[in-house]
Amino acid sequence: MKVISKGDFTSFVNGMIQDGSSKVVGVKEKGNAFAFGDLGTADELRLDYDVTLLPPKKYFFPQRETLLRFDRTNDSAQSVVDVEPMVIIGVHPYDIAALQQMDAVFAESNADPYYMKKREAAVIIGMNAVNTSEWNFAASMGAESVSDGYDIMLTDLGGSYAVEVGSSKGENLLLTHGAALREANGEEQAACSSYSAPVGKSLDFDAAAIPALLRAHYGNEAFWEEHSEKCLKCGSCVLVCPTCYCFDVKDEADLDLKGGERYRTWDGCLIEDFASVASGENFRGTKAARYRHRYNKKGDYLNERFGFTACVGCGRCSSQCLPDIADPVKVFNDLWAVADTKPQAIESTPAEISPGEEYSFVPRNATVVNKTAMGTTEMVLELKLDDGSELGHQPGQFVEVSAFGIGEAPISVSSSPTHRGTFELCVRKIGNVTTKLHALEVGDKVGIRGPFGVGFDTEFFKGKNLLFIAGGLGLAPLRSFFNFVLDNRADYADVKILYGCKVPGEMLFGNEVADWDARDDIDHRMTVDSCTEEDTWEGNVGVITTLIPGVDIDAEDTYCIVVGPPIMYRFVIKSLKEKGVPDDKIIVSLERRMKCGVGKCGHCQMNGIYVCQEGPVFNYADIKDVPEALE
Amino acid sequence: MSKPRVAIFDFAGCEGDELQIVNLEESLLGLLGHVEVVTFREAMKERTDDYDIAIVEGSCTRPEDEEKLKHIRECASIVIAIGSCAAIGGINSLKNHLDPAWYRAEVYGDKADWFDTYKARPISAVIPIEAAVPGCPIDRDEFLHVVKTLLLGRTPDIPNYPICVECKKNENVCAFDRGEVCVGPVTRAGCNSCCVNEGTKCWGCRGLIDDPEKNAHMEVLEAHGLTPDEVIKNFQTYFGWEGDQ
Amino acid sequence: MNGTNLDVNVHHITRVEGHGNIHVKVREGNVEKVLWEVPEAPRFFEAMVVGRSYKELHHITSRICGICSIGHTLSSVKATEAAMDIEISEQDALLRRIAIHAENLQSHVLHVGYLVLPDLAGVGSVIPLVDSHPEEVKTVIRLHRLANDMSDLICGRTTHPQRIIPGGFSKIPTMDELYQLKDDLAGSVDDLKAVAGVVKSLAGAIPDFTRETEYIGLVADDEFALYDGDIGSTVAGRIDDQDYLEFVHEFIVPHSTAKHAKNAMDSYFAGALARVNLNYDKLSPLAKTVAGMFDLGPEICYNPYMNSIAQLVEVVHSVEDTIGLIDKIDARGLEPQSPYHSPDIDVKAGQGVGVVEVPRGILIHDYTYDSNGLCTKANCVIPTNQNHANIQLDLEKLVPQFMDVGDAKMELLCEMLVRAYDPCISCSTHFTKVIWDRK
C-alpha cells in the first residue's frame with residue numbers, strides 16, 4: 001500500500017489540471033451541499049463531503065445527450081459519440097458500486113456506445129467516505145466499500161491519503177503526473193485496514209431478503225397506496241438515483257429546419273406520463289403503481305436480470321423527497337414489519353455481462369413505394385429499404401419509424417416475411433409521427449430501426465391448429481403471421497380467424513378479407529360492435545367475444561392468437577378459458593410505450609419484462625402472473 | 001410555398017414576451033427565413049388582418065378585449081398564446097382574489113368607476129388556441145421550439161411534469177433545503193428551472209401541471225412552517241385563474 | 001395656414017411598448033383637438049402587492065414592465081431596503097450599477113436601433129433594413145445581444161431578473177465572467193462608433209423643434225447618476241430621493257381622469273435627455289464625444305426628439321462606465337458568495353422609497369410594511385406617466401408650428417415625437433386616460 005501526503009496530493013491534482021490532457025472533475029461545494037464539477041484548482045476539492053447532489057453517472061449518461069445529428073434534406077443521420085478524457089476525483093464506494101451496475105445495464109445485449117465510450121475514457125479516483133448523510137444506508141446494501149470498480153482508491157489518514165491502485169489506468173495516471181507516493185508504514189497500514197465507513201441508517205434485516213420480501217408484498221395494495229399517497233409525482237427520487245437509467249428520446253430541429261439532433265434525456269418511472277402511449281393509454285396510471293414499480297424494479301426485477309439489487313444505499317432519494325416518502329430504508333423496514341413470515345435472505349451474485357454488439361440508434365432509410373388509405377384513420381405504407389436488403393422480420397415484430405425532426409414511433413410490421421422486396425406498415429394517425437407518416441408521398445423516405453422484439457414463432461406453430469382473433473388495429477400485426485400461414489398453408493393444420501372492429505367503416509384490409517371468403521382452407525368470422533342501416537352490414541353485430549362461443553375448435557389443441565386493444569384481452573381470454581382453452585395455448589401481442597426498442601429506456605417495462613425485447617408476443621401462460629401485463 | 005404570415009398582438013401584460021422575441025437576435029433573422037411578420041405593433045408600423053399565425057401576449061382583463069380576440073381568431077388559422085398572462089392568466093390574476101371595489105379604489109380613488117375590468121383570464125378562456133407557451137417571460141428556446149415544431153407540422157413538447165424534474169437535472173440545492181419554499185412540485189416544467197438556477201425558487205409562472213398534487217404539496221408547505229394564508233398566497237401568485245377552474 | 005385642415009388619427013401607435021393613440025383635428029387653420037390617449041388595460045399592481053411579503057414584492061412589481069424589469073426590480077428592492085434599514089455591500093452596489101447599465105443598454109439599443117432608425121431611414125420597421133442595411137442591422141444586433149448577455153450575467157435573466165433580491169444578490173458572477181464581459185464591452189467600441197455614425201448620417205431627419213420645459217432626474221456628485229442619487233431638476237434644485245413627493249406632484253387634469261405629474265412648471269420631462277441635461281459633465285469621455293457629434297453639450301437641449309440621441313450617448317456611457325465598475329470590483333477583490341445566497345434580514349415595519357433611473361426616466365417605488373414584512377401600501381411612479389403631460393404640451397406646440405405639412409407628415413411628426421419619449425405605456429400601474437377637449 002502506498003501513501004501520499006495531502007499536500008502532495010494537491011500538487012498531483014493541480015498537475016493534472018495544468019496538464020490539461022484530461023478534464024479534471026471533483027467534489028466541490030454548491031451552496032450548503034456538494035456536487036461534482038470541473039476543478040479550476042485542487043483547492044476547490046472537498047473530499048470531506050457527505051454526499052453529492054447528483055451521482056457521477058452524469059458524466060457517462062448526461063442529463064441531455066445527443067445521439068444523432070440528422071439532415072432532413074437527404075434523410076441521413078450520423079451518430080454523435082462525444083467523448084472527453086476525464087479524471088473524476090472523490091467518488092464514494094457506493095457510487096462506484098452504482099457505476100458498476102450501470103456498466104452492466106448499458107453493456108447488456110445492445111451495448112450503448114454513448115455510455116461505454118465515455119466510461120472507457122474516464123479514470124475514477126475513489127475516496128472512502130469520511131462523512132455521510134443521515135440518509136445513507138450503504139452499509140446495509142453492502143456498498144459502503146468496494147474491492148474493485150475504481151482506478152485509484154483513497155483513504156483519509158489525517159495528514160495523508162492511503163492510495164490503493166485498482167487498475168493500470170490508475171497506475172499510469174499516478175506515474176504520468178509524478179504523484180509523490182511512498183510505501184505505507186505499519187501504522188498507516190493498520191489505520192487503513194481499520195477504516196470503517198460512517199453509517200447514516202440501517203435496514204432491520206439482511207438486504208438479500210429484499211427480492212423475496214417485495215414479491216411477497218406485491219399485492220399488498222393498501223401498503224403501496226398508503227405509502228404513495230403523498231407522492232408529488234415530481235420524479236426527484238429517480239432523477240437523483242445513481243442506478244436509474246431510464247431515458248426519453250426526442251428530436252429537435254435546427255432553426256433552418258434542415259438539420260437537427262435526436263437526443264436522449266433522463267426520464268423516470270415516478271413521472272406520471274412515463275408509461276403513456278400516443279393513444280392516451282397510461283399503462284401505469286396510479287401513484288401507487290408507479291411507486292411500487294420503483295421499489296420492485298430496484299429490489300426485484302433487476303436482481304432477477306442482473307443479480308444485484310439496484311440500490312446502493314446512497315440515500316439521495318430519501319433526502320430529495322419533500323413529503324419524505326421515498327426512503328427505501330423506511331419502506332423496506334415497514335414491509336419487513338408487516339410481513340407475517342419473514343422471507344429468507346438469498347444471496348445473489350452479479351451476472352457476468354460481456355458487452356453485446358454496439359447499438360447506435362441510427363436508422364436505416366426506407367422509401368415509400370406505395371400508400372393506401374384504409375379504415376377511417378389508417379394508412380398502409382409499403383416501404384423498401386434503400387440498401388436493398390430485406391427487413392428480415394419475424395411476424396409480430398415491430399420497427400421504430402423515424403421522421404427526422406418529428407420523432408420515432410413503434411409500429412408493427414403488418415406484411416408477411418413471405419412478401420419479399422418490400423414490407424408494409426399499417427399506421428393509425430394518432431400522434432405527431434403517425435400524422436407525418438400519413439402525409440408522406442410515394443418516393444418519400446423514412447428511417448427504420450429494427451425489427452425488434454420477439455414475434456410469432458412460425459416454426460413452433462407448424463402442424464398446429466390456429467385460431468386468430470383480431471380486434472381493430474390488432475389485425476395489422478396479426479396479418480403478418482396470418483398471411484405467412486396462408487402462404488405456407490400446408491404447414492399448418494386447422495386455421496380460423498375472428499376479426500372484429502367497432503363499425504364496418506373501420507374494417508382494415510377489406511380486399512384481403514374478401515379473399516378469405518373465396519378460400520375453403522380457412523374459416524373466418526367477422527363482427528362489428530355496432531352499425532347503422534347505411535352500413536349494409538350483414539354480418540354479426542356485437543363485441544368480438546360474442547363470436548367465441550360459436551366457433552368450432554378443438555379447445556384443448558388449438559393455439560389462439562389474440563391481438564387487439566388493451567381492453568380486449570381480459571374479455572377474450574375469459575371467453576377462451578370458458579371454452580376450455582388452456583393458458584399455454586393462448587398467444588397475445590401487447591402494446592406498450594416502446595421508445596428505444598433495445599431494452600434500455602425503461603418505458604415499455606411491465607413488471608420485470610422489457611416488452612420491446614421479450615415481447616410484444618407472449619404466451620399467456622408466461623405473463624398471466626405478471627400483474628402489469630393485462631391489468 | 002409562400003411563407004406563413006405572422007401577426008403579433010398584446011393585451012394586458014408587460015410585453016416582456018414580445019421582448020423575448022426581439023431578444024432572439026440572430027435567431028430572429030433565422031426565423032424570418034421561414035415566416036413573414038406582417039403585424040407587430042411593438043416593432044413595426046405596418047398592420048393587416050391578412051395573417052396565418054397570431055401570436056398573442058397578455059391576459060384578457062376586460063370585456064371589450066374579448067371582441068378583439070375573437071377577431072384575431074377569425075383571421076388566424078393558428079393562435080399561439082405566449083407568456084404567463086396569455087397562457088394561464090399570469091400575475092394579472094392576483095387581483096382575481098381581491099375585492100374589485102377595494103382594488104379599484106386603492107389605485108384610482110374616487111375615479112374608480114371610470115375603469116372597466118373583470119377577472120384576468122388567459123386567452124384560451126376567451127377563444128380556442130392551438131398552442132400556449134407559458135412562462136414569465138417565455139423561454140426563448142422554448143418559443144423557438146414551438147415555432148419550429150408548428151412549422152414542421154408537429155405539436156410542441158410542453159412538458160407535463162413538474163419543475164423538480166429540471167431542477168434535479170440541473171443539480172440545484174432544493175429551495176426547501178435552504179429554508180425557502182417553492183411551488184416547483186406543482187408547476188409545469190419547460191423553463192429549465194431557470195429561477196432556481198439563479199439562486200432563488202420557483203414562483204409558479206408556468207402554471208400548474210395537469211392534475212397537480214396540490215393537497216400533498218400544501219402539506220409540504222405547511223410542514224415547512226407556512227400558515228394556510230401564506231400557502232394560499234404562494235399558490236395565487238400565478239395560479240389565480242387556473243386554481244379557480 | 002388659413003384654411004388648413006388636418007386629421008391625424010393614429011390608433012395604437014407602433015414601435016412603442018404599450019398602446020397609445022394620437023388624435024389631431026385642425027379645421028380652417030384652427031387646432032380643434034390634439035389628444036394623446038392611452039387606452040392600455042389597467043393592471044392594479046399597487047393593490048395586488050398589498051398583503052404580500054417583502055420577499056415577493058420585487059418579483060411581482062418587476063412584472064409592471066418587461067422592458068424596464070431590471071429597473072423595477074432595483075427600485076423595488078431599494079424601497080424595501082429603505083423601509084427596513086437594510087444595508088447592502090459595496091460590491092453589491094457596484095454590481096447593481098452594472099445591472100442598470102445592462103438594462104439601459106438593452107433598452108436604448110432596442111429603441112435607437114430597432115424603433116427610431118426606421119423612422120430616420122423612412123421605413124416602417126427594422127425588417128426592410130435587414131436587406132437594405134445588413135451590416136448596420138447586424139451591428140445593432142451584436143450590441144443588443146451584448147446587452148442581453150450582460151443582463152444574463154448580472155441579473156440571471158434579460159427580463160424579470162432573478163438574482164436581484166432585497167439585501168443583495170442571490171447569485172453573483174465569477175471574476176472570470178466579469179473579465180469576459182469587460183473584454184466584450186471593450187470590443188464593442190467599434191460597433192458603438194459605427195452606430196453613432198449611422199445615426200449621424202440620418203440626423204437630418206430629426207425635426208427642428210424645441211419647447212422649454214423642466215427636466216427631472218437623479219443627480220449625484222461623483223457619477224452620472226442612474227442607480228443612486230438625489231432627485232434633481234433643471235429649474236428647482238435637488239432633494240433627497242426619499243422626499244420625491246416634493247417634486248412629483250400628481251394632479252388631475254380638467255376634463256380628464258388621469259394622474260399626471262408636474263413640479264415647478266406645467267409638466268416635466270424624465271428620461272435620457274433629462275439625465276444628459278442634468279449630468280452632462282459626468283458622462284464618460286467617449287460619450288461626450290458622441291454627444292458632441294450631435295451638438296449636445298453642457299447647455300440644456302429643449303428638443304424632445306433629441307431624447308433618442310441622448311439615449312445613444314448613454315449607450316456609450318454605459319459601456320465605458322461598466323468597464324470602470326468591473327475594474328473597481330477587481331481592485332477590491334470579488335468576494336464570493338453561495339450560489340443560493342439569502343441575505344439575513346431583520347424584518348420590521350417601516351416605509352421606504354427606492355428611486356432609480358430606468359431607460360425612460362426616473363422610477364419611484366414607495367412601500368409601507370407592517371412588522372411581519374407584509375406590504376400595507378404601495379405607490380409606483382412610472383416615468384412614462386410622468387411624461388404624459390409633457391407629451392401633450394409638446395403636441396400642442398408642435399401641431400400649430402407644422403400645420404401646413406399635410407396629414408401624412410403631421411402623423412409622422414406626432415408619432416416620432418411620442419416615440420422619442422420611448423414611452424412604456426404598458427407600465428400602467430396608474431391607468432392614464434387622457435381626454436382633452438379644446439373645442
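## Close-up views of a predicted model

**View 1. Contacts and setting of A:Lys258.** Neighbours within four places in sequence aside, A:Lys258 is in contact with A:Phe70, A:Asp71, A:Arg72 and A:Thr73. Contact means heavy atoms within 4.5 Å. This is a predicted model: local features need pLDDT of at least 70, side-chain atom pairs count only at pLDDT 80 or more, and totals for chains, interfaces and linings use all residues. Residues are numbered from 1 along each chain as its sequence is written, chains are lettered from A and ligands numbered from 1 in the order in which they are written, and side-chain values use heavy atoms, with hydrogens and water left out. A:Lys258 sits in the loop between strand 11 and strand 12 of chain A. Helices (H or I, at least four residues) and strands (E, at least two) are DSSP runs, numbered from the N terminus. A:Lys258 is partly exposed, at 46% relative accessibility. Buried means under 20% relative accessible area, exposed over 50%, and partly exposed in between (1.4 Å probe, protein chains only). The C-alpha atoms of A:Lys258 and A:Val146 are 49 Å apart. Along the chain, these two residues are separated by 112 residues.

View 2. A:Leu257 is not a glycine, yet its phi is positive, near 60°. Its loop joins strand 11 (247-253) and strand 12 (259-266) of chain A. Is A:Leu257 buried or exposed? A:Leu257 counts as buried because its relative accessibility is 12%. B:Glu15, also not a glycine, has a positive phi of about 65°. Look for B:Glu15 in the loop between strand 1 (5-10) and helix 1 (16-22) of chain B. B:Glu15 has a relative accessible area of 0%, so this residue is buried.

**View 3. Two cis peptide bonds.** The bond from A:Gly615 to A:Pro616 is cis, with omega near 5°. A:Pro616 lies in the loop between helix 16 (611-614) and strand 27 (617-619) of chain A. In chain B, the bond from B:Cys136 to B:Pro137 is cis, with omega near 0°. B:Pro137 is in the loop between strand 5 (131-133) and helix 6 (140-152).

**View 4. The second largest pocket.** This pocket holds about 990 Å³ of space. Its lining has 32 residues, and A:Lys28, A:Glu29, C:Thr174, C:Gln337 and C:Pro339 lie nearest its centre. Two or more lining residues come from each of strand 2 (23-30) and strand 3 (33-38) of chain A and helix 7 (175-187) of chain C. Strand 3 of chain A gives the most, with four residues. On a 1 Å grid over the protein atoms alone, a pocket is an open set of points where a 1.4 Å probe fits, with protein on both sides within 12 Å along at least five of seven lines; lining residues have an atom within 4 Å of a point.

**View 5. Where chain B meets chain A.** The contact takes 36 residues from chain B and 39 from chain A. Together the chains bury about 3300 Å², 57% of it on carbon and sulfur atoms. B:Leu152, B:Lys169 and B:Glu171 supply 24% of the area that chain B buries here, more than any other three residues. Buried area is the accessible area (1.4 Å probe) that two parts lose on being put together, summed over both. How many salt bridges cross the interface of chain B and chain A? The rule finds seven. A salt bridge is a side-chain nitrogen of Lys or Arg within 4 Å of a carboxyl oxygen of Asp or Glu. B:Asp157 and A:Lys250 form a salt bridge, at 3.6 Å from N to O.

Definitions and conventions: Points joined across faces, edges and corners; volume = space filled by probe spheres on them.
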